[in-house]
Amino acid sequence: MEITGRLVADATVRETKNNKSLTGFTIAVNRRYVSKGEQVEDTSYFDCSYWRTVNIAPHLKKGMVVQLSGHVSASAWLDRDGGLHAGLNFHVNELNMLTAAIKQPEQRANEQTKPAQNARTNNTRVRTNNKPAAGINPSTRFN
């Protein structure tokens with residue numbers, strides 16, 4: 001199954017009870033449709049687990065659009081007050097970054113005050129060979 005959505009917060013690394021590390025993040029998936037002549041937008045939230053590498057975590061920032069391939073499971077639990085909750089879990093096999101993170105206003109202001117060190121740093125290059133890129137660009141796949 002494939003889903004595309006926007007990260008609602010920065011990714012985090014956590015460990016399981018078995019001391020295995022995973023990258024966790026939540027995405028919002030929007031669905032638009034017309035009901036009774038009116039445009040309706042419905043949002044579903046998926047808690048995602050990426051087990052292949054935790055090195056991706058620093059690159060997954062709030063606001064990014066990602067395309068995920070994997071499978072969905074549902075879970076239900078009781079909170080401390082006895083309230084019933086349910087959630088959708090997406091177990092990621094493949095992850096493709098479609099956009100860079102949305103910069104917050106304070107990040108933009110800081111970048112504007114810094115002098116440009118190299119004119120090429122603001123350009124996105126498209127690789128034409130299959131060699132791995134030295135850096136991370138929005139189209140990098142982590143598999």
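Colleague: Which residue of E5 is the bridge partner of Ile3?
Modeller: That's Leu68. Keep in mind that this is a predicted model.

Colleague: OK, and how many bridges join E1 to E5?
Modeller: Five, and the two strands run antiparallel. E5 covers residues 65-78.

Colleague: What about E1 and E3, parallel or antiparallel?
Modeller: Antiparallel, with two bridges between E1 and E3, the strand at residues 21-35. Leu7, for instance, has Ile27 of E3 as its bridge partner.

Colleague: Switching topic: where is Met1 found?
Modeller: In the segment before strand E1, which spans 2-7.

Colleague: And is Met1 buried or exposed?
Modeller: Exposed, because its relative accessibility is 58% and the cut-off for that label is over 50%.

Colleague: Which residues make the nonpolar surface patch?
Modeller: Met1, Val72 and Leu88 make a patch of about 260 Å².

Colleague: Now confidence. What's the mean pLDDT of the chain?
Modeller: It's 80, and 71% of the residues reach 70 or more.

Colleague: Which elements have the highest and the lowest mean pLDDT?
Modeller: E1 has the highest, at 95, while strand E7, residues 141-142, has the lowest, at 56.

Colleague: Where is the pLDDT below 50?
Modeller: Over residues 116-136. In the model, that stretch has seven contacts beyond near neighbours in sequence.

Key. Residues are numbered from 1 along each chain as its sequence is written. This is a predicted model: local features need pLDDT of at least 70, side-chain atom pairs count only at pLDDT 80 or more; totals for chains, interfaces and linings use all residues. Side-chain values use heavy atoms; hydrogens and water are left out. Patches are made of residues with over 30% relative accessible area and no salt bridge: like charges are joined within 9 Å, nonpolar side chains (Val, Leu, Ile, Met, Phe, Trp, Tyr) within 5 Å. Accessible areas come from the Shrake-Rupley method with a 1.4 Å probe; for residues, only the protein chains shown count as cover. A salt bridge is a side-chain nitrogen of Lys or Arg within 4 Å of a carboxyl oxygen of Asp or Glu. Helices (H or I, at least four residues) and strands (E, at least two) are DSSP runs, numbered from the N terminus. Buried means under 20% relative accessible area, exposed over 50%, partly exposed in between (1.4 Å probe, protein chains only). pLDDT is the predictor's confidence in each residue, from 0 to 100. Contact means heavy atoms within 4.5 Å. Two strands pair if DSSP finds at least two bridges between them.
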